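I opened the notebook to keep track of what I looked up in this entry.

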Amino acid sequence: MSGSGEFAEFLPAYLAEVDELLASAQRDLLAVEDAVRKGQAQPRAVRELFRALHTLKGLSAMVDVEPIVSVAHWMEASLRLADQAGGRLPESSVEPLVEGLRAIELRVRQLGAGKTASPAPTALLERLEALGPQVLDAAPKRARPVKLDAEAAFASRLAPSEREQLEGGLTAGQRALRLDFVPSSERAAKGLNINTVRERVAKLADIVKVLPLSGAAAGGASLAFALLLITRAEDAALLDAVGGPPAMVRSLEAPEGAAEAPGDLAPAPPDGAALPAGAVLDEELDEPEVRRGGGLLRVEVSRLDEAMEWLAALVVNRSRLTRAVAALTQAGAPTRELTAILQENGRQLRDLRSAILRLRMVRVGDVLERLPLLVRGLRRATGKAVRLELEVGDAELDKAVADRLLPALVHLVRNAVDHALETPEERQAAGKSPEGLVHLSCHARASGQLELTLRDDGRGVDAKAVAKAANAPVPDSADALLDLLCRPGLSTRQEATRTSGRGMGMDIVRRIVVEQLGGELRMETRKGAGTTFTLSVPLTVTLMDAIVFECAGRRYAVAVGTVEELIDVAGVVRPAGADGLGLVERRGAAVPLVSLARLLDAGSSGDASAKGGGAKALIVRQRGDPVAFAVDRLLGQQEIVLRPLEDPLVRVPGVAGATDLGDGQPTLVLDLAALGAARMGRRKRASRAGEWVS
Amino acid sequence: MPEVLVVDDSKVMREMVVACLRPYPDSRFTQASSGLEAIEQLSLKPYDLLVLDLNMPDIGGIEVVEFVRGQDHLRNLPIIIVTTRGDEASRERALQAGADRFMTKPFTPDSIQGAARALLEKSSAEASRG
């Protein structure tokens, strides 16, 4: 079963958190693999990986997703042993762990799509279960040099892997230090608490362990935290990160020639001179560089959407207010001040809107963190040597754009490795380095667009082969070549490859970038030197729930929020006549009925009412009064990405924009109230849609 | 009005625990996302119940229990430990360190509510006697 039981309502929050756990687990597993290959231990990544799976298992148990519980359980069990063995894993364990993560990810996606998680594959569970003994065999029988001052390092309170980590830092020429932080209500009120301190110190040092101390060990304070670190940072910077005195830094390195003190030692009272007991120095904390708790907050996207909806309601209300003021002005009332306030109000709404949109922004770097794992898998599947370079900086983009863009990038990266890059032998024969390069960079443009460039140094696109496969003349420009590549179903491959399948799928990439996101896709290619794809996508898009319907043989969409009711037009009082107007009964009252087909066809002289009989009607408020728009057929409700029609020539009152319903065809998104008003000559400009979209 | 401190690095898990315990009359909840944050919170304000995850990024639940039991003013703070299958060895250690109850995921709202009620009523009875 999936997500049933007592906690079913937590499923969306569960999915969001599990996504994050998986992302961090993948990062850690890559770090582990890297270390395994170099024959090193990676205690921190192993521990983090273990913890992520442990949390995942517990959460999945709560929401009753047994397949994920079992996979996570066996992964966790072997990682627990590896953690105890100082963070060492045998090379043979990496592949099953990768598969385990993939199996979990697949099931999370199933749940996200409202399906049931499929049962965990028995073969995989067996392989994972068999990891435990392998991990134990790989554990080193260690004999390490004594380097730590056991007393200062609270050796008795450290796990072997933590001691090893500290010693490893010393061996690598770093400093192993103990840094104390004394919490207090005053400090907490200023945003300086153990969580923010950890964040700040983590920027300067590897935190191996944090120990709470009380009594004498805390130097007179009721509570102190000792942070055990490996770092190259200066004492002053570290002290500053914990908010200054009372705090101290102390080396954990044993004095030259000192033997390791025997095991069980009580924490020693710290050096009194270095730890002045007493009040917090307020002037220190008032310094500007003491940042407020810059914590992160996780918010469900649906809550942001909700805020956006409220804002939309505000905008609609403002339009009404504007009209009311305009009416007052016309009637000769003194409205100068009112108009000024309205203008101010408009600016504030725009600011609020961009503030909410900013909340939806995610770091591009976070979006792309799956790519290294993808390339890793491709490396194994194709046997090619590939280096992935990511140059993403701090750019951010809207979550909705990111979610749509990622599949397109995955596609392009896969194509690059699978088709564009040559085998190491071919590359060497061509005088290239055996290792192929895939380079992805991105930066935000001032125009509100994000530009991503994906470059490979592979063989380049063979225009002749593409032309032959497409049965078309050889294209004479890069654009024409890209057009050919984007033909549905085109493939220059004789056989399907295991990773990319047969089709290049460039048509899908183009559809996502151009049709769905309203962006641009360009390509440059040079035979033997490589191919570069450039994607420009808007940083944000407008998402809305829409009712999709058919009218006079075409499909249209309209925002759900603008439609008051859907009715059958059975109760027609007076059918639409030649003027396209009629009356329909709704709960005993007559409502004007407009033939949408007629309205849309107003320019031509054809008999529209004959075309669109109008079995259903959408009721929309137009200047406060209900109006029914007759349509032929309702097709359903779905979330759409609204693409505003940027071109002023195309911009029409009553058309809010266009969207792709998934069929690659542009579908117009109507604003019925504005359309009716504009076409029936009551009002010149669309107020609502125009304002919202611009 | 019982003050409850719920400690787990998973936000969903904390919210589930709060949802389970909310029906207990007038309880107030504070959430902490790490063992260290929990210890910090406990030093800043008195609590009537501590619900603690065993496995956390900085210091684990056991270390929190050990620390708490070493503090005079926290010696009698009721502690419920939330564990996951596979934590059996740690359970033993947590028990020795002085935890009062265990809840193993998946647990039901009723079971954790029952545990909380029993502990809170016991400590309020002790308080009125003492």
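Which residue forms a salt bridge with Glu564(A), and how far apart are the closest N and O atoms? I found Arg621(A) as the partner, with those atoms 2.6 Å apart. My rule for a salt bridge asks for a side-chain nitrogen of Lys or Arg within 4 Å of a carboxyl oxygen of Asp or Glu. Glu564(A) sits in strand 14 (residues 563-568) of chain A and Arg621(A) in strand 18 (residues 616-622) of chain A, so the pair ties together parts that are 57 residues apart in sequence. I took helices (H or I, at least four residues) and strands (E, at least two) as DSSP runs, numbered from the N terminus. Glu564(A) is partly exposed at a relative accessible area of 37%, and Arg621(A) is partly exposed at 37% too. For these words I used under 20% relative accessible area as buried, over 50% as exposed, and anything in between as partly exposed (1.4 Å probe, protein chains only).

**Ground rules**

I am working with a predicted model, where local features need pLDDT of at least 70, side-chain atom pairs count only at pLDDT 80 or more, and totals for chains, interfaces and linings use all residues. Residues are numbered from 1 along each chain as its sequence is written, chains are lettered from A and ligands numbered from 1 in the order in which they are written, and side-chain values use heavy atoms, with hydrogens and water left out.

**Chain A overall**

I noted 24 helices and 22 strands in chain A. Of its 694 residues, 47% are buried. I then looked at contacts in chain A (heavy atoms within 4.5 Å): among those with a separation of 6 or more, 68% are between residues 24 or more positions apart. Chain A exposes about 33100 Å², with 51% supplied by carbon and sulfur atoms; the areas come from the Shrake-Rupley method with a 1.4 Å probe, and for residues only the protein chains shown count as cover.

**More salt bridges**

I got 37 salt bridges over all chains. Glu422(A) pairs with Arg427(A), the closest N and O atoms being 2.9 Å apart, and both residues are buried. I also found a network of salt bridges linking Glu33(A), Arg37(A), Glu95(A), Arg376(A) and Arg380(A).

**Where the chains meet**

How many residues of chain B are in contact with chain A? I have 34 of them, meeting 40 residues of chain A. The two chains bury about 3100 Å² between them, 61% of it on carbon and sulfur atoms; buried area here is the accessible area (1.4 Å probe) that two parts lose on being put together, summed over both. On the chain B side, Met16(B), Glu40(B) and Arg85(B) lose the most area to chain A, together 19% of what that side buries.

I see two salt bridges across this interface. Arg51(A) meets Asp9(B), with 2.9 Å between the closest N and O atoms. Lys209(A) and Glu63(B) also pair at 2.9 Å, N to O. Lys209(A) lies in strand 2 (residues 205-213) of chain A and Glu63(B) in helix 3 (residues 61-69) of chain B, so this pair joins two chains. Lys209(A) counts as buried at 6% relative accessibility, whereas Glu63(B) is partly exposed at 22%.

**Rings**

I searched the whole structure and have three aromatic pairs over all chains. Phe7(A) and Phe10(A) have ring centres 6.1 Å apart and planes at 55 degrees, so I logged the pair as tilted. Rings of Phe, Tyr and Trp (its six-membered ring) pair if their centres lie within 6.5 Å, with planes under 30 degrees apart stacked, over 60 edge-to-face and the rest tilted. Phe7(A) and Phe10(A) are buried.

**Backbone notes**

Most residues other than glycine have a negative phi, and most peptide bonds are trans. I wrote down Asn471(A), with phi near 60 degrees; its place is the loop between helix 18 (463-470) and helix 19 (478-485) of chain A, and Asn471(A) is exposed at 73%. Ala552(A) has phi near 50 degrees and is found between strand 12 (542-551) and strand 13 (554-559) of chain A, in the loop.
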